[in-house]
Amino acid sequence: MFLGEKRLFILVGVGGLALLAVLVSLAVFLIAPRLAEFHPNLPGIIVIAATLAFVVVAIGLGLIALSVVTGRRAVFGQRITATVMRIVFPLVRMLAAVVGIDRDAIKRSFIAVNNALVCAGSLPTRGGTVLLLLPHCLQATSCPNRITGGLIENCERCGKCVIAGLLELAHQHGLALAVATGGTLARRVIGEVHPEAIIAVACETDLTSGIQDSYPLPVYGILNERPHGPCVDTTVDLERVRDAIRLFSAKAGGEA
């Protein structure tokens with residue numbers, strides 16, 4: 001399937017831009033007589049400004065789609081790409097709500113597009129710190145040890161949850177590693193570590209918000225698995241984490 005899961009976000013993004021263009025055009029048409037009372041050229045100025053803004057965002061979305069398809073960053077750097085994604089995502093959510101598209105499906109597609117853009121980009125500095133950021137729900141609920149924040153080494157590696165395997169991967173590849181209980185602690189960890197890039201494990205909602213909060217820092221998102229439901233005794237495919245580590249290792253000129 002063309003673009004796979006990523007195409008949902010792109011196609012709904014195109015639809016969202018089209019809907020926005022219609023709504024803005026209608027609004028300008030309705031208020032143009034009132035605007036002309038202030039200055040006869042004001043309606044025309046607003047139309048030109050709105051058209052230019054729409055064209056810039058539309059071109060940005062097109063270049064994002066091109067980057068996803070080709071696997072190469074098309075013209076824009078990470079900061080400009082992040083700005084376009086910030087503008088497009090609310091439009092995608094709005095149109096998805098109107099037509100009844102599942103919210104988690106939209107978030108998964110957004111994460112897939114983001115990951116493709118991360119893969120198409122490059123790290124600004126060779127050998128920078130990569131942070132492996134994990135949710136607290138990966139820890140077994142029966143575990144008495146506190147591992148959030150900077151206490152990950154309290155893990156006894158008993159094998160009852162996936163934390164031990166992730167800790168081993170982080171040590172093996174020289175990654176910073178932290179477990180966060182929510183967005184506030186995650187932002188604090190990022191501020192303390194100052195990573196070059198992040199590999200984040202979380203659910204659709206936390207990954208989507210975390211990726212946007214971290215712009216323009218590149219964040220590769222990996223969805224957790226929830227065999228017991230959300231937020232309790234979740235897990236993650238270690239091979240997917242290993243693949244993400246290989247990606248950043250290759251971009252930094254190292255070997256995984």
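How many salt bridges does the count come to by the rule used here? The count is 10 salt bridges, a salt bridge being a side-chain nitrogen of Lys or Arg within 4 Å of a carboxyl oxygen of Asp or Glu.

## Basis of the report

This is a predicted model, in which local features need pLDDT of at least 70 and side-chain atom pairs count only at pLDDT 80 or more, while totals for chains, interfaces and linings use all residues. Residues are numbered from 1 along each chain as its sequence is written, and side-chain values use heavy atoms, with hydrogens and water left out.

## Nonpolar cores

The largest nonpolar core holds 42 residues. A nonpolar core is a set of buried Ala, Val, Leu, Ile, Met, Phe, Trp, Tyr and Cys residues joined through side-chain atoms within 4.5 Å. Buried stands for under 20% relative accessible area, exposed for over 50%, and partly exposed for what lies in between (1.4 Å probe, protein chains only). The residues with the most contacts inside this core are Phe-9, Met-85, Phe-110, Val-113, Leu-131, Leu-133 and Ile-198. Helix α3, residues 78-99, supplies the largest share of the core, with 9 residues. Helices (H or I, at least four residues) and strands (E, at least two) are DSSP runs, numbered from the N terminus.

A second, separate core has 29 residues, among them Leu-132, Ile-152, Ala-170 and Val-201.

Ser-214 belongs to helix α7, residues 204-214. Is Ser-214 buried or exposed? Ser-214 is buried, because its relative accessible area is 16%. With neighbours within four places in sequence left aside, Ser-214 is in contact with Ile-190, Ile-198 and Val-219. A polar atom of the Ser-214 side chain also lies 2.9 Å from the backbone oxygen of Gly-210.

## Nonpolar surface patch

Leu-23, Met-94, Val-98 and Val-99 make a nonpolar surface patch of about 360 Å². Patches are made of residues with over 30% relative accessible area and no salt bridge; like charges are joined within 9 Å, and nonpolar side chains (Val, Leu, Ile, Met, Phe, Trp, Tyr) within 5 Å. Accessible areas come from the Shrake-Rupley method with a 1.4 Å probe, and for residues only the protein chains shown count as cover.

The largest share of the patch, 3 residues, comes from α3. Leu-23 is found in helix α1, residues 6-38, and counts as partly exposed because its relative accessibility is 43%.

## Salt bridges

Arg-226 forms a salt bridge with Glu-204, with the closest N and O atoms 2.9 Å apart. Arg-226 sits in the loop between β4 (219-223) and α8 (238-251) and Glu-204 in helix α7, so the pair ties together parts that are 22 residues apart in sequence. Arg-226 is partly exposed at 31% relative accessible area, whereas Glu-204 is buried at 5% relative accessibility.

Arg-246 and Asp-243 also meet through their side chains in a salt bridge (2.6 Å, N to O). Both lie in helix α8, 3 residues apart, about one turn of the helix. Arg-246 is partly exposed at 37% relative accessibility, and Asp-243 is partly exposed at 40%. Elsewhere, salt bridges that share partners join Glu-5, Arg-108, Glu-204 and Arg-226 into one network. Another salt bridge links the side chains of Arg-157 and Glu-153 (3.4 Å, N to O); Arg-157 is partly exposed at 42% relative accessibility, and Glu-153 is partly exposed with a relative accessible area of 46%.

## Backbone features

The peptide bond from Tyr-215 to Pro-216 is cis, with omega near 0°. Pro-216 is placed in the loop between α7 and β4.

Which backbone angle stands out at Cys-231, given that Cys-231 is not a glycine? Cys-231 has a positive phi of about 70°. The residue lies in the loop between β4 and α8 and is exposed, with a relative accessible area of 65%. Asp-233, also not a glycine, has a positive phi of about 45°. Asp-233 is found in the loop between β4 and α8 and counts as partly exposed at 25% relative accessibility.

Technical notes. Polar contact = N/O pair within 3.5 Å; in protein donor to acceptor, adjacent residues only side chain to side chain. Contact = heavy atoms within 4.5 Å.
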